[in-house]
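Here's a quick briefing on how the inside of this protein is packed. Have the sequence and the model open while you read.

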Amino acid sequence: MSERTLRVVGGARIAVGLLSLWGIGTRRARFGGTLPPLGRAAAGALAVRDLAQGAWLVAEPRREVAEAGSLVDVLHATSMLPVVVLVAPYRKAAAVSAGEAATWVGIVAAVTRT
């Protein structure tokens, strides 16, 4: 694991956050832009979280920072499971969000493995 690799992961996360904000702002369905207002607000908050976690990893490319971000992602993915099961209008968005969070956990696990 190198600082450069962690910075690349952080940069990718920033890019995802920016793309998500753009998609929400332009009402793109793939980014949650066609969700009801509460769903769009939640999607926007998650995009800002992507930006913050990515920026933190770029600024401090250390294993501990990457693992702290992964903990947040695990908690988020877990919190989406009841929404997937119980809230039909948000089922797809919650599943995608949980999947994205789990993907970041997998990426960090892969690049921090020693």
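This is a predicted model: local features need pLDDT of at least 70, side-chain atom pairs count only at pLDDT 80 or more; totals for chains, interfaces and linings use all residues.

**Nonpolar cores**
- The largest nonpolar core is a set of eight residues: Leu6, Val9, Leu57, Val65, Ala66, Trp104, Val108 and Val111.
- At least two residues of this core come from each of helix H1 (3–25), helix H3 (63–86) and helix H4 (91–112), and H4 gives the largest share with three.
- As a rule, nonpolar side chains in soluble globular proteins tend to be buried together.

**A buried arginine**
- Arg49 sits in helix H2 (residues 37–59).
- Arg49 counts as buried because its relative accessibility is 18%, and the cut-off for buried is under 20%.
- Beyond residues up to four places away in sequence, Arg49 touches Arg13, Val72, Asp73 and His76.

**The cavity**
- One cavity of 30 Å³ or more turns up, and the largest cavity holds about 100 Å³ of space.
- Its lining has 13 residues, and Arg13, Gln53, Leu57, Gly69 and Val108 are the ones nearest the centre.
- H1, H2, H3 and H4 each give two or more residues to that lining, with the largest share, five residues, coming from H3.
- Sorted by class, the lining is six nonpolar, five polar and two charged residues.

How values were computed
Residues are numbered from 1 along each chain as its sequence is written. Side-chain values use heavy atoms; hydrogens and water are left out. A nonpolar core is a set of buried Ala, Val, Leu, Ile, Met, Phe, Trp, Tyr and Cys residues joined through side-chain atoms within 4.5 Å. Buried means under 20% relative accessible area, exposed over 50%, partly exposed in between (1.4 Å probe, protein chains only). Helices (H or I, at least four residues) and strands (E, at least two) are DSSP runs, numbered from the N terminus. Contact means heavy atoms within 4.5 Å. On a 1 Å grid over the protein atoms alone, a cavity is a set of points where a 1.4 Å probe fits but cannot get out, and a pocket is an open set with protein on both sides within 12 Å along at least five of seven lines; lining residues have an atom within 4 Å of a point. Grid points are joined across faces, edges and corners, and a volume is the space filled by probe spheres set on the points. Ala, Val, Leu, Ile, Met, Phe, Trp, Tyr, Cys and Pro count as nonpolar, Asp, Glu, Lys and Arg as charged, and the others, Gly among them, as polar.
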